[in-house]
Amino acid sequence: VNGWGVISHSTGRCGSACFLRTNPCYEGEVKSAGATIRYGNFSFGARGTMRCPLPYMGEIGLYCGISGMEVTSGRCLRQCPGGSYFDRTFEVYYPASYHGELTSADCPRGAQGNITMLCLDG
């Protein structure tokens, strides 16, 4: 559990007291959807927001509480890998893209136009 002591409540009987531990959360890391997010020291009760590392998008909310560092909101959104799309007569190759990014890929020789794709969380 989390360090130092503050009396939370007591029955008033000798030797019977519960303590709320209020240690800071020291630097460390949390994971979200495969991403590793490093954070610095937080004092007990502090909240913060951390951006997800590339190639992930998004951010997470952190809280230093009784159980240590907790993720309270958000998540990291995965990158979409490159690949190909086959449409009965031809195959279109497309590059990797970030969550929320529109990507356009040209049709192969002998066909005209392009296809547009939207990356949604890998």
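Which cysteine does a disulfide join to Cys80? Cys119 is the partner, with an S to S distance of 2.1 Å. Keep in mind throughout that this is a predicted model.

**View 1. The protein chain as a whole is built from strands, with 0 helices and 11 strands.** Read from the N terminus, the elements simply go β-β-β-β-β-β-β-β-β-β-β. The chain has 122 residues, and 30% of them count as buried. Its accessible surface comes to about 8200 Å², with 52% of that belonging to carbon and sulfur atoms. A search of the whole structure turns up 3 disulfides, and if you number the bonded cysteines in sequence order, they pair up 1-3, 2-4, 5-6.

**View 2. Here is the disulfide of Cys80 and Cys119.** This link is right-handed, with 90° about the S-S bond. The pair links distant parts of the chain, 39 residues apart: Cys80 sits in the loop between strand 7 and strand 8, and Cys119 in the segment after strand 11 (114-118). Both cysteines are buried.

**View 3. Cys25 and Cys64 form a disulfide, with their sulfur atoms 2.1 Å apart.** It links distant parts of the chain too: Cys25 comes from the loop between strand 2 (17-20) and strand 3 (28-32), while Cys64 is in strand 6, 39 residues away. The S-S bond shows 90°, a right-handed link. Cys25 and Cys64 are both buried.

**View 4. Cys52 and Cys76 make a left-handed link, with -90° about the S-S bond.** Cys52 is in the loop between strand 5 and strand 6 and Cys76 in the loop between strand 7 (68-74) and strand 8 (83-86), so this pair ties together parts 24 residues apart in sequence. Their sulfur atoms are 2.1 Å apart. Cys52 counts as buried because its relative accessibility is 10%, which is under 20%. Cys76 is at 0%, so it counts as buried as well. Leu54 lies in the loop between strand 5 (47-51) and strand 6 (59-65), but this leucine is exposed, at 60% relative accessible area. The C-alpha atoms of Leu54 and Arg78 are separated by 9.2 Å.

**View 5. Strand 10 (residues 102-106) holds Thr103 and Leu102.** Leaving aside residues up to four places away in sequence, Thr103 touches Pro95, Ser97, Ile115, Thr116 and Met117. Leu102, by contrast, is exposed at 60%. Together with Leu118 and Leu120, Leu102 forms a nonpolar surface patch with about 330 Å² of accessible area.

Methods. Residues are numbered from 1 along each chain as its sequence is written. This is a predicted model: local features need pLDDT of at least 70, side-chain atom pairs count only at pLDDT 80 or more; totals for chains, interfaces and linings use all residues. Side-chain values use heavy atoms; hydrogens and water are left out. Helices (H or I, at least four residues) and strands (E, at least two) are DSSP runs, numbered from the N terminus. Contact means heavy atoms within 4.5 Å. Patches are made of residues with over 30% relative accessible area and no salt bridge: like charges are joined within 9 Å, nonpolar side chains (Val, Leu, Ile, Met, Phe, Trp, Tyr) within 5 Å. Accessible areas come from the Shrake-Rupley method with a 1.4 Å probe; for residues, only the protein chains shown count as cover. A salt bridge is a side-chain nitrogen of Lys or Arg within 4 Å of a carboxyl oxygen of Asp or Glu. Buried means under 20% relative accessible area, exposed over 50%, partly exposed in between (1.4 Å probe, protein chains only). A disulfide is a pair of cysteine sulfur atoms within 2.5 Å.
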